[in-house]
Amino acid sequence: MLSPAVQSRIALDPARYPETHGAIDRTGIIVATTWELDRAATGRCCSRNTRQLVGSPEVRYKAAQLVLGGHNDMKRSTNRILTSHVGSLPRPADLINMYREQVPAEKLDSRLTSAVAEVVRQQVEAGIDVVNDGEFGKPMSDEVDYGAWATYIHQRLSGFEMRDLPADFNILNSIMGGSKDRSDFADYYKSPEAYAGPSTRPVRFPMNVGPIRYTGHELVGRDIKNFKAALAGKNVEDAFMTAAVTGVNFFPGEYYKQPEEQATAVAEAMREEYKAITDAGINVQLDDPIIVNVYEWRFSMGGDMAAFRKWAESHVELVNHALAGIPEEKVRYHICWGSWKGPHSTDLPLRNVIDLMLKVKANQYSVEAANPQHEHEWKDWRDVKLPAGKAVIPGVVSHKTNVLEHPQVVADRIMRYAEAVGRENVVAGTDCGLGGRIHPQIAWAKLRALSAGAEKASRQLWARTAFPT
Ligand SMILES: [Zn+2]
């Protein structure tokens, strides 16, 4: 909802525009998000995409439609390619230390507030339009950590108890033992080169022992508060926060009779987190590598695509169940094939899941598109119909390599997606989170390359367009 201050100043025309997108005042149509209108009311206007249109009502209406490209709440690339990323950004060393040492909440909270402010400022400086809080509220106690996007949920759900793993139990094998890639490249996967992670990590796991409920209201509230405070006065186009999808707790529990019941309980509990984020006016991104990794872990050896798709269909149903009541236009959905640095030779091809992915009730879909196993998959987007008003966030820089992408490479990747789905339906992103996966210095350089490439692509894509003013 708009703040009362804005409502009193602007006469909305809900028949023509959703309140969060366009508003009409005596001088013209202001095309903006709720936040921008709020910021306009408090004198902190306006973002680069905000336009006040003039002309007859008909001309303004048409122009607004053109600018908006439909009635979507989430910002799209209406007059240039917007930039975003997948979520995780490098945590400052002292914050990682605090998580490692499990300092008291008061100490952690004040540092979190300042760290989130810093990371939002850094994103703006790197030219990122659609920013987040770096996922700093999700504990990461090592510089290298591929799992923080998911492991945080056990702090926010009831019904779990940490258990010691048996000494001879190999956690990776239990999850990924069915992977053909790991079998074909067994020597590599045994080598130190394949292993990215600290050797000191405790070998414990969360066992489900009771009813699963969402108990993280205070923690997600803290994260939202920090993020909103960091956004104040910042020139950003849009904002998002990530949340894990159901299915992230891989281990069979003791409480629910069937694994599906446990997954449903997680879905319904996590819905409260999604709701808290969207209720705060922030877009939520569901992180779901599960949908493609399950192929790798359970089906790649036999290559039984029909069996995989049957499972994936039920998974999508469960994801949509988790999203019940969450406004679709405020949801981004991210899939990725796992961050480990390996051949990824038997990753599920995107074309085998793209139709199911598009059934998830989301507005924008984030996919890996920059690493050598998935870069070519822009072609698959020519063969599917992206539903009207939806957008793709292809990764145009990758967390899987330390090689820095040249801005021209980034621009070329964006151009191909723009050709396949339309320029207004592309938001330039990353393959996956960069935090915990790549050195901070390289991570920030990649984000700068991303925005430089998006600028190059925008210049070409909008070269001959007369933008209504
Ligand atoms: Zn990812």
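A residue is classed as buried if 20 or more other C-beta atoms lie within 10 Å of its own, as exposed if 12 or fewer do, and as partly exposed in between, with C-beta atoms placed from the backbone. The model is predicted, and local features need pLDDT of at least 70, side-chain atom pairs count only at pLDDT 80 or more, and totals for chains, interfaces and linings use all residues. Residues are numbered from 1 along each chain as its sequence is written. Helices (H or I, at least four residues) and strands (E, at least two) are DSSP runs numbered from the N terminus.

In helix H11 (residues 217-231), Val220, Asp223, Asn226, Phe227, Ala230 and Leu231 are buried. They lie on the same side of H11, because they cover an arc of only 135 degrees around the axis (the arc of the directions from the helix axis to the C-beta atoms). The face turned away from this buried side carries the exposed residues His217, Glu218 and Gly221. Helix H5 (105-125), strand S8 (238-244) and helix H12 (259-279) are among the elements that cover the buried residues of H11. After H11 comes Gly233, with a positive phi near 80 degrees.

Strand S12 (residues 391-397) has 7 of its 7 residues buried, so it is largely enclosed by the rest of the structure. Strands pair if DSSP finds at least two bridges between them. S12 runs parallel to strand S11 (residues 364-367), to which 4 bridges join it; Ser366 has Ile393 of S12 as its bridge partner. S12 is also parallel to strand S13 (residues 427-430), with 2 bridges between them, and Gly395 is partnered by Gly429 of S13.

How values were computed: Contact = placed C-beta atoms within 7 Å.
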